[in-house]
Amino acid sequence: METDTVHVYAETPRLVLRSWKPDDLEVFASLNADSEVMRHFPAPLSFEETKAFYDRIQDEFRRVGYGLYAVELKSTGRFIGYVGLHAFNFDVPFAPGVEIGWRLAAAYHRQGYAPEAATAVLSVAKSLGLRKLFSFTALANTPSERVMQKIGMRRTDEFDHPAIADGHPLKRHVLYTIDL
C-alpha cells in the first residue's frame with residue numbers, strides 16, 4: 001500500500017516485508033527489465049509495464065488487504081524485490097485462489113532470501129485466515145520450484161498457462177499447493 005507510512009507485514013532475521021515506497025519503482029523497473037530475472041517469463045517488462053504492474057499491486061492491497069510485499073534487506077534498507085500473495089482468477093481448473101510468489105533482483109538469487117521471505121508470508125497468510133495457497137511457474141524454472149519445495153509446498157499438477165501462446169516453451173507450468 002502506498003502511503004506516507006510504511007507498514008511492516010513481517011520480518012525475518014535478514015529481511016523486512018513491507019508496503020511499497022514510491023522510491024521502489026525505479027529499482028523494480030530495473031529488476032523487471034533484467035533478462036536474467038525475467039528468463040522464465042515471456043519477456044522483460046518496459047518501465048510503463050512495470051508502472052502498470054506496480055499500480056495493480058497497490059490496487060490489490062486496497063481491495064483485499066494483502067498483496068506482493070516489498071522485500072528490503074535489514075542490513076542496508078535496500079529494496080530487492082517482492083514476495084507475497086496475489087488473488088488470481090484465470091482460466092484454469094484450480095481458480096480462483098491465492099498464489100504465493102516472488103521476484104528478486106538477480107544479485108540476491110541463491111542466497112536463501114526467497115524461501116526466508118516466503119516462509120514469513122506463509123505465516124501472514126495463515127493469520128489472514130487463508131486456508132490454501134498455490135504457486136506455479138514454467139517447467140523450466142527449477143530455481144522457483146526449489147523455493148516451493150523448501151517452504152513445504154507439494155507438487156500437485158501440471159497445466160498449460162492460458163496467457164502464454166501455444167507452442168511457446170514457457171506454456172507448460174507446474175502447480176504446487178500448501179494447506180495452511
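**Salt bridges, helix faces and ring pairs**

Trainee: A search of the whole structure finds 13 salt bridges. With which residue does Lys-74 form a salt bridge?

Mentor: This is a predicted model, in which local features need pLDDT of at least 70 and side-chain atom pairs count only at pLDDT 80 or more, whereas totals for chains, interfaces and linings use all residues. Residues are numbered from 1 along each chain as its sequence is written, and side-chain values use heavy atoms, with hydrogens and water left out. A salt bridge requires a side-chain nitrogen of Lys or Arg within 4 Å of a carboxyl oxygen of Asp or Glu. By that criterion, with the closest N and O atoms 3.1 Å apart, the partner of Lys-74 is Glu-11.

Trainee: How many residues apart are Lys-74 and Glu-11?

Mentor: Helices (H or I, at least four residues) and strands (E, at least two) are DSSP runs numbered from the N terminus. The salt bridge of Lys-74 with Glu-11 joins distant parts of the chain, since Lys-74 is in the loop between strand 3 and strand 4 and Glu-11 is in strand 1, a separation in residues of 63.

Trainee: Is Glu-145, which forms a salt bridge with Arg-155, buried or exposed?

Mentor: The closest N and O atoms of Arg-155 and Glu-145 are 3.2 Å apart, and because Arg-155 lies in strand 7 (residues 154–160) while Glu-145 lies in helix 4 (residues 142–150), the pair ties together parts that are 10 residues apart in sequence. Buried means under 20% relative accessible area, exposed over 50% and partly exposed in between, with a 1.4 Å probe and protein chains only. Arg-155, at 40% relative accessibility, is therefore partly exposed, whereas Glu-145, at 9%, counts as buried.

Trainee: Within what arc do the buried residues of helix 1 fall?

Mentor: The buried residues of helix 1 are Asp-24, Leu-25, Phe-28, Ala-29, Leu-31 and Asn-32. The arc is that of the directions from the helix axis to the C-beta atoms. Seen down the axis, these buried residues line one face of helix 1 because they fall within an arc of 160°.

Trainee: Which residues are exposed on the other side of helix 2 from its buried residues?

Mentor: In helix 2, Thr-50, Phe-53, Tyr-54, Ile-57, Gln-58, Glu-60 and Phe-61 are buried, and they are on the same side of the helix because they cover an arc of only 155° around the axis. Counting contact as heavy atoms within 4.5 Å, what covers them includes strand 1 (8–11), helix 1 (24–33), strand 3 (68–73), strand 4 (79–88) and strand 5 (97–104). The exposed residues on the other side of helix 2 are Glu-48, Arg-56, Arg-62 and Arg-63.

Trainee: Which residue follows helix 2?

Mentor: Helix 2 (residues 47–64) has 18 residues and reaches 26 Å from its first C-alpha to its last. That span is close to the expected 26 Å, taken as 1.5 Å times one less than the number of residues. The residue that follows helix 2, with a positive phi near 85°, is Gly-65.

Trainee: What is the angle between the planes of Phe-88 and Phe-136?

Mentor: Rings of Phe, Tyr and Trp (its six-membered ring) pair if their centres lie within 6.5 Å, and planes under 30 degrees apart count as stacked, over 60 as edge-to-face and the rest as tilted; by this rule the count comes to 21 aromatic pairs. Phe-88 and Phe-136 form an edge-to-face pair, 5.4 Å centre to centre, that links strand 4 with strand 6 (residues 132–138) across 48 residues. Both Phe-88 and Phe-136 are buried, and the angle between their planes is 85°.
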